[in-house]
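Here is a short briefing to read alongside your structure. Have the 3D view open and follow the topics in turn.

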Amino acid sequence: MSMKLIRIKDVMDRTGLGRSTVYKYMNLGLFPKSVNLTTRAVAWVESEVEAWIQKGIERRDGESR
């Protein structure tokens, strides 16, 4: 299994969240934590972001029943 890291622009494109909201949710424990690449660069594990999106879909579908 290979892990892919994605940068903030891809996270924002996939989730529809803004940059500040991603960091706010991350700090509140509501979104996957980033991985430090360098002192100034971070990325997210793609599968964790996809799982977060899937969880939102499942939560939505569960509420509609």
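Read from the N terminus, the elements of the protein follow the order β-α-α-β-β-α. That gives three helices and three strands, where helices (H or I, at least four residues) and strands (E, at least two) are DSSP runs numbered from the N terminus. This is a predicted model, in which local features need pLDDT of at least 70 and side-chain atom pairs count only at pLDDT 80 or more, while totals for chains, interfaces and linings use all residues. Residues are numbered from 1 along each chain as its sequence is written, and side-chain values use heavy atoms, with hydrogens and water left out.

**Overall dimensions**
- Along the principal axes, the C-alpha atoms of the protein fill a box of roughly 45 × 30 × 20 Å.

**Helix α1 with helix α2**
- Helix α1 packs with helix α2 (residues 19–27) at an angle of about 90°, and their axes are 10 Å apart; axes are lines fitted to C-alpha atoms, for helices over the stretch in contact, and angles run from 0 to 180 degrees between N-to-C directions.
- α1 is therefore roughly perpendicular to α2 (65 to 115 degrees; under 35 counts as roughly parallel, over 145 as roughly antiparallel and the rest as oblique).
- I8, V11 and M12 of α1 make the contact with R19, V22 and Y23 of α2 (contact means heavy atoms within 4.5 Å).
- The residues of this contact of α1 with α2 comprise five nonpolar, no polar and one charged (Ala, Val, Leu, Ile, Met, Phe, Trp, Tyr, Cys and Pro count as nonpolar, Asp, Glu, Lys and Arg as charged, and the others, Gly among them, as polar).

**Helix α1 with helix α3**
- Helix α1 (residues 8–15) also packs with helix α3 (residues 46–63), at an angle of about 20° and with the axes 11 Å apart.
- α1 and α3 are therefore roughly parallel to each other.
- On the α1 side V11, R14 and T15 take part, and they meet E46, V49, E50, W52 and I53 in α3.
- By class, the contact of α1 with α3 has four nonpolar, one polar and three charged residues.

**Residues around the largest pocket**
- Which residues line the largest pocket? They are G29, L30, F31, P32, A51, W52, K55 and R59 (lining residues have an atom within 4 Å of a point; a pocket is an open set of points on a 1 Å grid over the protein atoms alone, where a 1.4 Å probe fits, with protein on both sides within 12 Å along at least five of seven lines).
- This lining has five nonpolar, one polar and two charged residues.
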